[in-house]
Amino acid sequence: MVHLKVDRPIIAAPRRRPLARKRSDYPRVSVEHLDVAERLASPLLMGPPLCDELIALVEHMVDQREAGVMRHLRPFRPRSPAAVAKAERIAEAEAAEILSRLADQRGTIVSVGPPARLKYMLMPIVPGIFEMTLIRADPNQLSPWHQRFAELFEALYETGYLIDYFNPSAAPLVRYLPVGEANLDVHPMALPADMLEAELDRFEHFAVGPCQCRLASRVVGRDCGKPIDNCLVMGNWAREASRRGLVRAVSRNEALAVKREAEEHGLVNWMMNVGATKSQSSCSCCGCCCHALRTVIEFNAPAFFAPPRFLPRCRDEQCTGCGRCARICPMNAIAIEPRPTENPPPALSDFSDRPPGFVWIHRAERCVGCGLCAVHCRPAKVISMEPATRIKPYRSWLSLALHAAPGMLRGLWQAWRRRP
């Protein structure tokens, strides 16, 4: 080919929608499983409507006895084993054993409080159950249970139910940060927090675990072959998660090396859109597996990401037209196209030779500012990242929650209205 061109839009309609049903449509499903499914379907948990995919996932996650205990939990209101046992009319020891298993071994629910007085509550399917279930799995030795869980989750995710909760006015939840190799230009507009290295300086504890998105994609046969062990947590989260054996503790230099390797393999590094905090997380994503990026690409939810802090600039006169930047871009934001001529040049087999006359095109509306194009612009190094905006991350988790609340409430309302 002479040029690399984007042939599909980055914002596309969802492939299908979940078929919302009622309890009466499932006469052969236990009351306990239906109760759990209805709890997880709540708009308060950004849940899907009651549908075949949700029922299948719930029946796999918990057996009938476990579902009988889990159905008495609520989001945001932790309950003790004694309260759950009373509601289910079973012994407290039995309720405590089931709750502990679901929280510690499965990741289906979450525990809070000191070890002697643990309480339990529900969490969303995503983000929540999906991540907590697969982060504790060995990527090289997935059990049949974990494999089936990943398959059923993918089937539910691909219904596109999450778009019910996103709207253009929502507060952006994540931001992308380039590592130093992204060739950032020095500019007074650039902020120290715009670089991943500076973000890591604020923490003492670091830990790394497997990417749950690529792990699930591997199970369903969409493995892109990129590194998996690069989900990073920092601060209190890292200390607690490594203590529980969910992730492995690493040093700051090891954490930075993991992120640099991720960029080398075409993964984009992001963090939650929060500045000063005692805990943070950073994923390394690809457009083919990452559920966050896929939500933007496949399900029309661009407001999920903060506006790019940096945008690429190419020195056209020095560009060799190799096409690496366009191939590596996870958002299809870059294209190399031939200049219009009366006699088009013959097609080339690849980008090893410079096309005779081309245009470097950057589609800013698709760009997340990850810097992969600059990292992979070799050996020419003619692409650099320039500051594009001074929009700062939110100062705290509370600030993010307050700014996100209006958009989230609108999302909850529109999701509730669509329910039968």
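The model is predicted, so local features need pLDDT of at least 70 and side-chain atom pairs count only at pLDDT 80 or more, while totals for chains, interfaces and linings use all residues. Residues are numbered from 1 along each chain as its sequence is written, and side-chain values use heavy atoms, with hydrogens and water left out.

Of the 420 residues in the protein chain, 53% are buried. Here, buried means under 20% relative accessible area, exposed means over 50%, and partly exposed lies in between (1.4 Å probe, protein chains only). The chain exposes about 19,500 Å², and carbon and sulfur atoms supply 55% of that area; accessible areas come from the Shrake-Rupley method with a 1.4 Å probe, and for residues only the protein chains shown count as cover. Among contacts (heavy atoms within 4.5 Å) with a separation of 6 or more, 75% come from residues 24 or more positions apart.

Attention now turns to helix 6. Because 7 of its 10 residues are buried, helix 6 is largely enclosed by the rest of the structure. The buried residues are I125, V126, G128, I129, F130, T133 and L134. Helix 6 also holds P127, which is joined to V126 by a cis peptide bond with omega of about -5°. Most peptide bonds are trans, and most residues other than glycine have a negative phi.

With 0% relative accessibility, T133 counts as buried. Its side chain reaches the backbone oxygen of I129 at 2.8 Å, a polar contact in the sense used here (a pair of N or O atoms within 3.5 Å; within protein, one must be able to donate a hydrogen and the other to accept it, and residues adjacent in sequence count only if both atoms are side-chain atoms). Not counting residues up to four places away in sequence, T133 touches R106, G107, T108, W145, H146 and F149.

Helix 6 also meets helix 9 (residues 212–219): their axes come within 9 Å and cross at roughly 75°. Axes are lines fitted to C-alpha atoms, for helices over the stretch in contact, and angles run from 0 to 180 degrees between N-to-C directions. F130, E131 and L134 of helix 6 make this contact with Q212, C213, L215 and A216 of helix 9.

M46, in the loop between helix 1 (31–40) and helix 2 (52–61), is not a glycine, yet its phi is positive, near 50°. M46 counts as partly exposed at 22% relative accessibility. F76, likewise not a glycine, has a positive phi of about 70° and sits in the loop between helix 3 (64–70) and helix 4 (81–88). With a relative accessible area of 62%, F76 is exposed.

Finally, H33 lies in helix 1 and counts as buried at 8% relative accessibility. The side chains of H33 and S30 are joined by a polar contact of 2.7 Å. Leaving aside neighbours within four places in sequence, H33 is in contact with V58, E59, V62, D63, Q64 and A67.

Conventions:
Helices (H or I, at least four residues) and strands (E, at least two) are DSSP runs, numbered from the N terminus.
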